[in-house]
Amino acid sequence: MPGRIDKFNDVVGVCAGPYHLLFARQNKQVYSVGLGTNGRLGQGNTNTLEVPEEIDQLNQVGVKKLAAGCRHSLALTESGDVYAWGYGGRAGGVFNYLPFFKCDSPVGLGETGDVLTPKVVESLK
C-alpha cells in the first residue's frame, strides 16, 4: 500500500518507470526503490527494494535530471555527463534502439550484459 516516507521531506526530483522509482534530494543524493531486475536500481545487484536506498555511485556528481525506463535508468548531471544502468539484453541494450547513439553495446557503455551500477556514457561526451 502506498504511503509517505517521512525521512525524505527534501525531495527535489522524482521519476517513475513501470517497476521502479528514482528520486533526488536537495543534498544531491539519489535513491532508488522497486523491482531490481536487470540492475535498474543501480545498487550493484538485482535485488528488489521495498525501502529506498541511496545510489552510492551518484553521490555528489550533481544529478540534474533522472529518467526511469522499463528496464533501465538514466541520470544527467549538471556538468552534462549522462549515467546509464540496467538492461543489457540480447538486442544490445536501450541505446541501440536510438540510431543517433551508434552504440554496439548494452546501454551504450561497452558492457556485454546488464549494468548493475551507474556508469558514464562516454559516447555522449
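User: In the hairpin of E2 and E3, which residue takes a positive phi near 75°?

Analyst: This is a predicted model, where local features need pLDDT of at least 70, side-chain atom pairs count only at pLDDT 80 or more, and totals for chains, interfaces and linings use all residues. Residues are numbered from 1 along each chain as its sequence is written, and side-chain values use heavy atoms, with hydrogens and water left out. Strands are DSSP runs of E, at least two residues, numbered from the N terminus. The hairpin has four residues between its strands, and the one with that phi is Lys28.

User: In E4, what is the bridge partner of Ser32?

Analyst: E3 also pairs with strand E4 (residues 49-54), antiparallel again, over three bridges. Ser32's partner there is Glu53.

User: How many of the five residues of E3 are buried?

Analyst: Buried means under 20% relative accessible area, exposed over 50%, partly exposed in between (1.4 Å probe, protein chains only). On one side Val30, Ser32 and Gly34 are buried, and on the other Tyr31 and Val33 are too. The count for E3 (residues 30-34) is five.

User: Is Cys15 buried or exposed?

Analyst: Cys70 is partly exposed, at a relative accessible area of 39%. Cys15 has 12%, so Cys15 is buried.

Technical notes. Pairing = 2+ DSSP bridges.
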